[in-house]
Amino acid sequence: MDDPAIQLVAVNKWFGDFHVLKDISLTVGSGEKVVICGPSGSGKSTVVRCINKLEEHQSGTIHLYGKELTNDPNSVASIQGDVGMVFQQFNLFPHLSVLDNLTLGPIKARGLSRVEAEDRARHYLTRVRIPEQADKLPKQLSGGQQQRVAIARSLCMEPKVLLFDEPTSALDPEMIAEVLDVMVELALEGMTMIVVTHEMGFARKVADQMVFMDQGEIVEHGSPGEFFGNPRTARCQKFLGQILQH
């Protein structure tokens, strides 16, 4: 059997005395889509930040395609480009054009020529439906367009895994759909994805696994059918009751 794309085993993380992740175990197969949800402060974002090594975990193991990710700088460098990340805030360089934002990583980290990087950037801008925005600065774009640029920037590195940390939470309601549509297309094309989100319509449509976290723990974990149709815990029932009303 092939190694899973991502495997977390008994991962713990503290911020000082605050135990933010408590024995988190999760296996994500290649091509699977996992949606992590839960109340604010439950540790959802910390999970994905540990996977791409923006945060260090203190115990337990994290593997990417069978290779253990440690807190050693060489381990962190070894996953550069293989794990893409899309944040709440778009994190684009404001002084660079959209095209330059997209070509920087492939040129610096992947060794592409300028011509190759621009061809790739225009390909992925077309894929996220904004090829006409290539020469603009980020401030000239709407929030939804900026987030689609951020997705295209991650795709330009041609990662094995894409992590999304509440990618629509900073957007106006009318812009959420345009970002989710792009994410659905990526999911249907087979991209391995972990998505921290409260967008339950998206979750129902694409998730292979649903993970509900609260107070640093995985409280429920199962298929979307089980999760939405028969949540087992009072905490999950309350969360779904609140969020599905909106």
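**Exercise 1.** Work out which parts of the chain the salt bridge between Arg 148 and Glu 178 ties together.

*Solution.* Step one: check the distance. The two side chains meet at 3.0 Å, N to O, and a salt bridge needs a side-chain nitrogen of Lys or Arg within 4 Å of a carboxyl oxygen of Asp or Glu. Arg 148 sits in helix α5 and Glu 178 in helix α6, so the pair ties together parts 30 residues apart in sequence. (Helices are DSSP runs of H or I with at least four residues, strands are runs of E with at least two, and both are numbered from the N terminus.) Step three: look at accessibility. Arg 148 is buried at 8%, while Glu 178 is partly exposed at 23%; buried means under 20% relative accessible area, exposed over 50%, and partly exposed in between, using a 1.4 Å probe and protein chains only.

A word on the source: this is a predicted model, where local features need pLDDT of at least 70, side-chain atom pairs count only at pLDDT 80 or more, and totals for chains, interfaces and linings use all residues. Residues are numbered from 1 along each chain as its sequence is written, and side-chain values use heavy atoms, with hydrogens and water left out.

**Exercise 2.** Now do the partners Arg 129 and Glu 185.

*Solution.* Start with the distance again: their salt bridge comes out at 2.0 Å, N to O. Arg 129 is in the loop between α4 (114–127) and α5, and Glu 185 belongs to helix α6 (residues 173–188), so this pair ties together parts 56 residues apart in sequence.

**Exercise 3.** Is Gln 146 buried or exposed, and what does its side chain reach?

*Solution.* First, find Gln 146 in helix α5 (residues 143–156). With a relative accessible area of 15%, Gln 146 is buried. Next, follow the side chain: it reaches the backbone oxygen of Leu 141 at 3.3 Å, and one of its polar atoms lies 3.4 Å from the backbone oxygen of Pro 138.

Conventions: A polar contact is a pair of N or O atoms within 3.5 Å; within protein, one must be able to donate a hydrogen and the other to accept it, and residues adjacent in sequence count only if both atoms are side-chain atoms.
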